[in-house]
Amino acid sequence: MTITVVNIRRLNMYDDYYHIGGTTYLHAHGGHHLVYCGRRNYSYQVLESPLANPYQLKREADRAARIDDYQRWFHSKVQDGDMAVADELARLLKLASEGDLELACYCKPKLCHCDIVKIFLDAHL
């Protein structure tokens with residue numbers, strides 16, 4: 001039961017995807033599971049995740065500040081009991097308890113908002 005954060009550009013490895021609510025799940029050959037956690041992307045045909053970072057990065061020099069903004073946003077959503085965020089986290093915890101889980105965004109290997117989500121999930125498994 002390992003949770004990792006990966007770059008969605010690996011998407012071409014995936015042969016199937018499906019949507020449940022606002023979540024895009026992807027299946028790779030060999031049964032690996034990946035959940036997209038970013039903004040809607042028409043090129044990759046992925047929906048915006050309830051965990052998407054609402055703070056757009058305009059300059060690379062601002063990356064750490066945007067991740068700090070996301071961390072505050074994320075923790076306030078959790079504390080306030082935001083249903084979309086709570087439901088998505090419950091789904092991710094269920095998947096992680098059943099086996100390995102990959103969280104996908106565009107930032108990796110750079111600092112990414114999915115790192116914040118991973119820390120939360122690891123602490124609640």
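The largest pocket in this predicted model has a volume of about 330 Å³, a volume being the space filled by probe spheres set on grid points that are joined across faces, edges and corners. A pocket here is an open set of points on a 1 Å grid over the protein atoms alone, where a 1.4 Å probe fits, with protein on both sides within 12 Å along at least five of seven lines; lining residues have an atom within 4 Å of a point. Of the 19 lining residues, R39, L57, C105, Y106 and C107 are the closest to the centre of the largest pocket. By class, the lining holds 9 nonpolar, 5 polar and 5 charged residues (Ala, Val, Leu, Ile, Met, Phe, Trp, Tyr, Cys and Pro count as nonpolar, Asp, Glu, Lys and Arg as charged, and the others, Gly among them, as polar). Helix α1 (residues 63-80) contributes the most to this lining, with 3 residues; helices (H or I, at least four residues) and strands (E, at least two) are DSSP runs, numbered from the N terminus.

Helix α1 also meets α3: their axes come within 9 Å and cross at roughly 40°. Axes are lines fitted to C-alpha atoms, for helices over the stretch in contact, and angles run from 0 to 180 degrees between N-to-C directions. The two helices are therefore oblique to each other (under 35 degrees is roughly parallel, over 145 roughly antiparallel, 65 to 115 roughly perpendicular, and the rest oblique). In the contact (heavy atoms within 4.5 Å), I67, Y70, Q71, F74 and V78 of α1 face H113, I116, V117 and F120 of α3. This contact comprises 7 nonpolar, 2 polar and no charged residues.

Now for the other partner of α3: helix α2 (residues 83-98) packs against α3 (residues 113-124) at about 60°, with the axes 10 Å apart, which makes α2 oblique to α3. Here L89, L92 and L93 of α2 touch V117, F120, L121 and H124 of α3, giving 6 nonpolar, 1 polar and no charged residues.

Finally, the loop between β5 (101-105) and α3 contains P109, and the peptide bond from K108 to P109 is cis, with omega near 15°.

Residues are numbered from 1 along each chain as its sequence is written, and side-chain values use heavy atoms, leaving out hydrogens and water. In this predicted model, local features need pLDDT of at least 70 and side-chain atom pairs count only at pLDDT 80 or more, while totals for chains, interfaces and linings use all residues.
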